[in-house]
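Please find below a short note on the structure, arranged as numbered points.

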Amino acid sequence: MILTIDGKTLTLEQIYNFGCNHDIKVSVSKEAWLKVVEGRKVIEKKLENKETIYGVNTGFGLFSTERIDPCHYVELQENLIRSHSVGTGAPLSSSQTRMLMLLRINVLTKGNSGISKETLEKIIKCLNANCLPKVPCQGTVGASGDLAPLSHLALGLMGEGEMLDPCTKTFKNSIDVLNSHNLEPIKLKIKEGLALINGTQFITCIGVEATVRARNIANQADIVSALTLDVLKGTTSAFDAQIHNARPHIGQILVAERLRSLLHSKNNPSEISISHQKCGRVQDSYSMRCIPQVHGIVHDTIKFVEIVLKTECNSATDNPMIFAETGDIISGGNFHGEYPAKVLDYLAIGIHEISSISERRLERLMNPNLNNGLPAFLVKNGGLNSGFMIAHCTAASLVSENKVLTHPSSVDSISTSGGKEDHVSMGGFASR
């Protein structure tokens, strides 16, 4: 199974499936390879003309005013990777690392990074062999790219640091893993260290995983809520299309339609629903009556996040950026992680709401004062048996923790790099 990438059409589903399925290999389209080659030529031409290029013949960050002697150009790139590999925390899973490498390769194929074809080919071979560098999950502020985690990724590809051996599923010295699989470590050329670590791919790859999982959970929650409503003998009148067409939010209409389809409608009548239509209860509690309104905005949130992340996955996030068409090399700020950071904070708030309203429905199932005649805690011989009493406590505990975890990470910023990088996104924690 081959996934061919071109730097502009990668989808969230492709990324997530690539991470999960270690048998999928990656290749690059012919058009993208041409862009890589043309981008590299721009770097070489600029150096021939002895022009000043950030991160090529200057230092980085606060040291950008320091000129580098030509004899140290390659050493500059190697030093960059080694000095920046200072992340901490648990390593990414193999699936997350595969997604991270795929996203970085996809960005490099756009031709705006200046990486050489030879180096990129080695990275692809390493990924296709499932030789995955050890990348710690903490240490990025999401400003000048995800510098620490992406440096660990590059370090492993250089044959330094640690790498996951696909045979033993354990971390070993990178050079030993590469040698045992007949792979060559990359030898950084001019600009290539910077090309490998500028960008938001750490934030984005974790965000892709979160978004796909959130979508699956939200779809499941619609079905589970319908089951709960049925057990509690709730009315389906609140899901009438007329109500939701009068407030035509896309997600709200979607959820109401699902609930009608699952429970009761004119075209799909339910004997259970009909049997308690004249029970005297006019309307249900909010946790049942307002499912379309609450679940609906979560579906809309997930869709919004998907749109932003898809753009991010296929964007050039380097600095400086190379434009082969004009021969320009321009410094900018596409590495800033504000876009994925903000929407992933929003995603956390949205998916929390699924858990919050779910816990309220669970309470109604357990509580004999609320559950319309069901036994307390859904168990016979209450007292001798406790039933689902503590299952509800566990749910309440998790919802409480979720409330803390929804505090937005991206509202924070701490100035770094001697004040040069004075506004950062903190997107790494937003995604995690």
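**Note on the interior**

1. The largest cavity holds about 50 Å³ of space, in a model that is predicted. A cavity is a set of points on a 1 Å grid over the protein atoms alone where a 1.4 Å probe fits but cannot get out; grid points are joined across faces, edges and corners, and the volume is the space filled by probe spheres set on the points. The structure has two cavities of 30 Å³ or more.

2. Lining the largest cavity are M101, R104, I105, L108, I123, L150, L153, A154, L157 and L196, where lining residues have an atom within 4 Å of a point. Two or more of these residues come from each of α4 (94–108) and α6; helices are DSSP runs of H or I, at least four residues, numbered from the N terminus.

3. In helix α6 (residues 147–157), eleven of eleven residues are buried, that is, under 20% relative accessible area with a 1.4 Å probe, protein chains only. After α6 comes G159, with a positive phi near 90°.

4. G39 lies in helix α2 (residues 30–48) and is buried, its relative accessible area being 0%. Leaving aside residues up to four places away in sequence, G39 touches G111, G114, I322 and A324, contact meaning heavy atoms within 4.5 Å. The C-alpha atoms of G39 and L108 are 9.9 Å apart, although 69 residues separate the two in sequence.

5. Residues are numbered from 1 along each chain as its sequence is written. Local features need pLDDT of at least 70 and side-chain atom pairs count only at pLDDT 80 or more, while totals for chains, interfaces and linings use all residues; side-chain values use heavy atoms, with hydrogens and water left out.

Key:
Buried means under 20% relative accessible area, exposed over 50%, partly exposed in between (1.4 Å probe, protein chains only). On a 1 Å grid over the protein atoms alone, a cavity is a set of points where a 1.4 Å probe fits but cannot get out, and a pocket is an open set with protein on both sides within 12 Å along at least five of seven lines; lining residues have an atom within 4 Å of a point.
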